[in-house]
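Dear colleague,

Please find the structure below, handed over for your own work.

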Amino acid sequence: VESPKTTMVDSTPLIPDGKEKKEGHRVLCCCDSRKAVIILNVLALALTIASLIIRLVDNQYFSAWTIILYVLNLLFYSIVTWSALQFGKSAVEWGIFWAIVDIIWTSVYLARNSGWMVEGSSNRTATIVGYSIFYVFHVLIIYANWTYVSEVGKGIMSRETHSREKYSCCCNV
């Protein structure tokens, strides 16, 4: 005698597997939004310090605005990283604002001072590549910060949900 088969009305398993499904976004298919914010802002901090050192070694002229820009960049990247480590949201929102201001500030500078790039500068290609990397990197920072702020705002990313949301293609720290 065959026993009758029981069919569930929906696809819910009778015994839950204990694993909740990740709800958050994978930034560039690589890592969760919090990790992306931390990695990109630490990298931006390191690149800013490297740029400052290169300019100091090259004895390049520093205007008051250049010094202010470096200080603000170092400050914002540090605070945004610390805020993401603490699962904070406000400082990361300010980080988005600052990245947009930095893009605008740099664009205005380039528009006002583009003559030296056109007039056969020996570093023209390197300068263009450098500014292109700057723009792409800032767009990535805005993307990661925006995704993180959105997830924190929706309750997807928090201390309580981090174990479910953490993701990395190369390391799960």
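How much space lies in the largest cavity? The largest cavity holds about 50 Å³. A cavity here is a set of points on a 1 Å grid over the protein atoms alone where a 1.4 Å probe fits but cannot get out, and a volume is the space filled by probe spheres set on the points, with grid points joined across faces, edges and corners. A search of the whole structure finds one cavity of 30 Å³ or more.

The model is predicted, so to speak of local features pLDDT of at least 70 is needed and side-chain atom pairs count only at pLDDT 80 or more, while totals for chains, interfaces and linings use all residues. Residues are numbered from 1 along each chain as its sequence is written, and side-chain values use heavy atoms, with hydrogens and water left out.The lining of this cavity (residues with an atom within 4 Å of a point) includes Asn 41, Phe 76, Tyr 77, Trp 98 and His 138. By class, six of the lining residues are nonpolar, four are polar and none is charged (Ala, Val, Leu, Ile, Met, Phe, Trp, Tyr, Cys and Pro count as nonpolar, Asp, Glu, Lys and Arg as charged, and the others, Gly among them, as polar).

The largest pocket contains about 1500 Å³ of space, a pocket being an open set with protein on both sides within 12 Å along at least five of seven lines. Of its 35 lining residues, Ser 51, Arg 55, Tyr 70, Tyr 131 and Phe 134 are the closest to the centre. Two or more lining residues come from each of helices H1 (33-57), H2 (64-85), H3 (90-112) and H5 (124-153); helices are DSSP runs (H or I, at least four residues), numbered from the N terminus. H5 gives the largest share, eight residues.

H1 and H2 pack at an angle of about 155°, with their axes 9 Å apart (axes are lines fitted to C-alpha atoms over the stretch in contact, and angles run from 0 to 180 degrees between N-to-C directions). H1 and H2 are therefore roughly antiparallel to each other, the term for angles over 145 degrees. For H2 and H3 the angle is about 150° and the axes are 9 Å apart.

Notes: Angles under 35 degrees count as roughly parallel, over 145 as roughly antiparallel, 65 to 115 as roughly perpendicular and the rest as oblique.
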